Amino acid sequence: LKRDVTLCIKLSAEPETESKTAKPVRTQVQVHNREEGQVYTWSLDKFTNRYFIIKEVLERYFEEDALPTLSKDEDPFWDPPETQVLCQGFLKMMSLPYLLDNPRDLLLIGESAGVGIIAVDLIPTDETGEVNICQAADITLEDPNELLGKRLDFVVVVKEAKFIENIFSDTFIEYAIVNQDGRLEKFRTGIVPGVVQNPKYNYRKHHIFECLTETQINYLINHNLCFNMCGTQLPRRASKLFDPRELQALLEKSSPPKNTSPVETSQATVVTQPKPTLTPIAINPQPIPQPVPQPLLSPTAHSSGLHPTNPNNAAHQTPGQNAKDKDCNLF
């Protein structure tokens, strides 16, 4: 059909559920339609349906001996724009059971590379959800188990996002937290309409654990909070390779982190290693040692098995040998 379209298999984990068992792998079909500058993700059922439509179009081509002219609705390789998960960022919740906040600029990961950053925060608060208790009072916990049976209030903050390109439209942020009853509950920010390269969400949500259990504490310590960036992707006529320098420029414009030590990769900024400087070293030429010549033995000395410089050999020499030894000088 002479279409600039590529199909490939995409394997991904099932969406997060309440089950503690291993997540099953979901098989999907990823469609790269370069004619439209779009990437679609099909379920296996949708792919099966499109497969039969593609066969019908191919039969028309063989019957008419000409490429069929298709409208958008008839084209099996085209989908109307729809809301989807565009990229993700991950934040550890480990700071909460220690009553510490965790402001971060998270790297947003798309299909193959980073596409921008998102500014988020986890803040332990008082019961009103307004006062940051780690700033209002010098309270730190060495053992999170001290919170067993106690109430925990915290706020999830989503400030803004910054993208390298204007390729997303009508974006919003979605995340999920296991609530007090052990059920997974989803939350989302408001939609920022239109194509905005630096959308401001200004989202703040108060969450409560009425009575912390050991399971909930372990959940906070070991769980990564996933922020899904959702919206529609605009057509891209030419693929642009990810340039880490552009992302570094975004990070430098954002607020400086409190801790300048290296951070984890899931919450990491792009780190550029400084170029090493070479210091010239003065080398003093040293005289090259000359090899010391070794004494060579005459064939007579080798045949007699005696070392000419060994004084102990004198007792074993015969009178006839002394005259021969005078002629066997060493070189």
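Thr41 lies in strand S3, which covers residues 38-42, in a model that is predicted. With a relative accessibility of 26%, Thr41 counts as partly exposed, because that class takes in residues between the limits of 20% for buried and 50% for exposed. When residues up to four places away in sequence are set aside, Thr41 touches Lys10, Gln28, Val29 and Gln30.

Asp75 is found in the loop that runs between helix H1 (44-64) and strand S4 (84-92). The relative accessible area of Asp75 is 11%, and Asp75 is therefore buried, since the limit for that class is under 20%. Apart from neighbours within four places in sequence, Asp75 is in contact with Arg3 and Leu70.

The two residues can be set out side by side by their accessibility.

| Residue | Relative accessible area | Class |
|---|---|---|
| Thr41 | 26% | partly exposed |
| Asp75 | 11% | buried |

Turning to the protein as a whole, six helices and eleven strands are present. The protein has 331 residues, of which 34% count as buried, and its accessible surface comes to about 21,600 Å², with 54% of that area belonging to carbon and sulfur atoms. Where contacts between residues at least 6 apart in sequence are considered, 69% of them join residues at least 24 apart.

Methods
Residues numbered from 1 in each chain as written. Predicted model: local features only at pLDDT ≥ 70, side-chain atom pairs only at ≥ 80, totals over all residues. Heavy atoms only, no water. Helix = DSSP H or I, 4+ residues; strand = E, 2+ residues; numbered from the N terminus. Buried < 20%, exposed > 50% of the residue type's maximum accessible area, 1.4 Å probe, protein only. Contact = heavy atoms within 4.5 Å. Areas by Shrake-Rupley, 256 points an atom, 1.4 Å probe, with all protein chains shown as cover.
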